[in-house]
Amino acid sequence: MERRYASHPNEVKQFDTDRLRKEFHIPTLFTADKLELVLTHEDRLIIGGAYPVKQDVKLETDLKELGVSFFLERRELGAINVGGPGTIIVDGTEYDLNTKDCLFVGMGSKEVIFRSKDASKPAKFYLNSAPAHKEFPTAKTTLGEADSSALGSIQNSNDRTIHRFIHADGIQSSQLVMGMTQLKTGNMWNTMPAHVHPRRMEAYMYFDLPEDAVVIHLMGEPTETRHIVMRNEEAVISPSWSIHSGVGTSNYTFIWGMAGDNKIYSDMDAVAMKDLR
């Protein structure tokens with residue numbers, strides 16, 4: 001498991017492109033028959049992916065890093081399938097996930113196994129894991145069952161649908177909040193006007209992007225913005241003091257995951273367009 005340290009905004013404003021990418025960009029999430037994990041010290045969120053092709057993949061790592069006897073002893077997990085049909089087995093109970101279905105796995109679950117239904121169309125499970133102080137039951141939701149709402153307009157190039165899976169009014173968790181935003185054809189902007197939420201950090205994972213398309217992800221303090229070029233199935237870490245927005249050369253989908261002081265999706269501090277620099 002790779003480790004990323006937290007950064008101060010006064011330091012980040014001096015980073016060049018390579019340093020920005022080294023600290024915040026996660027280029028590899030899905031390696032066949034492996035578990036890829038990155039631990040950020042921003043609220044100690046773990047970001048990763050499980051890609052079972054020819055064999056099952058287990059949720060496991062060097063436990064010394066977490067100081068526990070099993071992965072979810074003091075953590076909870078959110079998994080969203082962005083590949084073909086798959087199954088997650090939690091302590092012997094099987095949960096089938098189609099594309100864009102979500103499974104929350106509560107603290108205390110000892111064995112988590114990821115499996116594909118068909119090796120020719122393997123599942124890809126995108127993962128977020130946050131520390132937990134209370135056990136909540138494992139629960140599944142589909143895209144159709146999510147708490148969804150339409151936002152934006154074609155005039156502003158941000159006509160999109162937000163699907164909330166793990167949140168205060170949906171699947172219950174200790175602190176993890178997770179969902180998905182889908183941009184409609186002809187729309188490229190996400191989260192603009194921008195905002196910050198100093199009470200929570202956030203991570204984005206962009207997907208459904210053509211091979212030759214990119215998203216220009218904007219980050220940094222509102223008056224000290226920087227950008228990171230993102231490609232399909234890549235993730236980016238957003239500290240609580242940073243905006244998190246982007247514009248693509250095509251429409252796309254992204255998964256957002258948050259951890260911090262509360263689970264209120266609407267708790268954010270808006271940034272006026274005139275204040276962006």
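This is a predicted model: local features need pLDDT of at least 70, side-chain atom pairs count only at pLDDT 80 or more; totals for chains, interfaces and linings use all residues.

Residues are numbered from 1 along each chain as its sequence is written, and side-chain values use heavy atoms, without hydrogens and water.

Aromatic pairs. I counted eight aromatic pairs (Phe, Tyr or six-membered Trp ring centres within 6.5 Å; planes under 30 degrees apart stacked, over 60 edge-to-face, the rest tilted). F30 and Y51 make an edge-to-face pair, at 6.3 Å centre to centre and 75 degrees between the planes. F30 is in the loop between β2 (25-26) and β3 (35-40) and Y51 in the loop between β4 (46-50) and β5 (57-58), so the pair ties together parts 21 residues apart in sequence (strands are DSSP E runs of at least two residues, numbered from the N terminus). I found both F30 and Y51 buried (under 20% relative accessible area, 1.4 Å probe, protein chains only).

Y206 and F254 form a tilted pair, at 5.7 Å and 45 degrees. Y206 belongs to strand β18 and F254 to strand β23, 48 residues apart. Y204, Y206, Y252 and F254 form one aromatic cluster.

Charges over rings. I looked for NZ of Lys or CZ of Arg within 6 Å of a ring centre and within 35 degrees of the ring normal. The charged end of K124 sits over the ring of Y51, 5.1 Å from its centre. K263 lies over the face of F136, at 5.3 Å from the ring centre.

Terms used:
Helices (H or I, at least four residues) and strands (E, at least two) are DSSP runs, numbered from the N terminus. Buried means under 20% relative accessible area, exposed over 50%, partly exposed in between (1.4 Å probe, protein chains only).
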